[in-house]
Amino acid sequence: MDINQTVAKSLFADCRCDKCGDLVPFENNAVLVDMEINGVDIGHLFAQGRHLMPVYEDGVMICPGSPSRAQYIKGQPRDTRGSYPYRLEDEAEWREAYARVLLKYGAESGNA
Ligand SMILES: [Zn+2]
């Protein structure tokens, strides 16, 4: 377990989404993907979690997640709100970071 992972596990266990208020499992926490890309910084210590991918319950979207970030994940729609246009040069970085989050936290989360 690397230092980022140790920090993330203590900061984001049982954390709630700042958009919808539901629990955010590690593997769907947008902040952890940010952390993979940028490393841990002071902002992360105060960050609330946020769903990365949209969350559905009985076919109804209960949280849009973070469309500006999720748009980089394969199969997700582009963010059409205008403020965060798709940057092809960022695609590989985001996909690799998300893959690392799934590897690190996916199997053992227990936080869903
Ligand atoms: Zn949410």
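**Loops, then helices**

Trainee: Let's start with D58: buried or exposed?
Mentor: D58 counts as exposed, because it has 5 C-beta neighbours inside 10 Å. The rule is that 20 or more other C-beta atoms within 10 Å make a residue buried, 12 or fewer make it exposed, and anything in between is partly exposed, with C-beta atoms placed from the backbone.

Trainee: And where does D58 sit?
Mentor: In the loop between β1 (55–57) and β2. Strands here are DSSP runs of E with at least two residues, helices are runs of H or I with at least four, and both are numbered from the N terminus.

Trainee: Before I get carried away, what kind of model is this?
Mentor: It is a predicted model, where local features need pLDDT of at least 70, side-chain atom pairs count only at pLDDT 80 or more, and totals for chains, interfaces and linings use all residues. Residue numbers run from 1 along each chain as its sequence is written.

Trainee: What is the average pLDDT of the chain?
Mentor: The protein chain averages 90, and 94% of the residues score at least 70. That score is the predictor's confidence in each residue, from 0 to 100.

Trainee: Where is D14, then?
Mentor: D14 lies in the loop between α1 and α2. It has 8 C-beta neighbours inside 10 Å, so it counts as exposed.

Trainee: What about D18, which loop is that in?
Mentor: D18 is also placed in the loop between α1 and α2. With 14 C-beta neighbours inside 10 Å, D18 counts as partly exposed. Leaving out residues up to four places away in sequence, D18 touches Q48, G49 and R50; a contact means that the C-beta atoms, placed from the backbone, lie within 7 Å.

Trainee: New topic: what is the order of elements along the chain?
Mentor: The pattern reads α-α-α-β-β-α-α, which comes to 5 helices and 2 strands.

Trainee: How does the radius of gyration look for 112 residues?
Mentor: The chain has 13 Å, which agrees with the value near 13 Å for a compact globule of 112 residues. That rule is 2.2 Å times the number of residues to the power 0.38, and the radius is taken over C-alpha atoms. Along the principal axes, the C-alpha atoms fill a box of roughly 35 × 35 × 25 Å. Buried residues make up 26% of the chain.

Trainee: Which residues of α2 are buried?
Mentor: A30, V31, L32, V33, D34, M35 and E36. That is 7 of the 9 residues, so α2 is largely enclosed by the rest of the structure. Its buried residues pack against α1, α3 (42–46), α4 (67–70) and α5. Just after α2, G39 takes a positive phi of about 80°.

Trainee: What does A8 touch?
Mentor: A8 touches L32 and M35, not counting residues up to four places away in sequence. A8 is found in helix α1, and it is buried because 24 other C-beta atoms lie within 10 Å.

Trainee: Now the α2 and α5 pair: at what angle do they pack?
Mentor: Helix α2 (residues 30–38) and helix α5 (residues 88–105) pack at about 115°, with their axes 9 Å apart. The axes are lines fitted to C-alpha atoms over the stretch in contact, and angles run from 0 to 180 degrees between N-to-C directions.

Trainee: Which residues meet there?
Mentor: From α2 there are L32, V33, E36 and I37, and they meet E93, A97, Y98, R100, V101 and Y105 in α5. By class, that contact has 7 nonpolar, no polar and 3 charged residues. Ala, Val, Leu, Ile, Met, Phe, Trp, Tyr, Cys and Pro count as nonpolar, Asp, Glu, Lys and Arg as charged, and the others, Gly among them, as polar.

Trainee: Last one: where is G82?
Mentor: G82 is in the loop between α4 and α5, and it counts as exposed, because it has 6 C-beta neighbours inside 10 Å. From G82 to M35 it is 24 Å in space, C-alpha to C-alpha, and 47 residues in sequence.

Definitions and conventions. Two residues are in contact if their C-beta atoms, placed from the backbone, lie within 7 Å.
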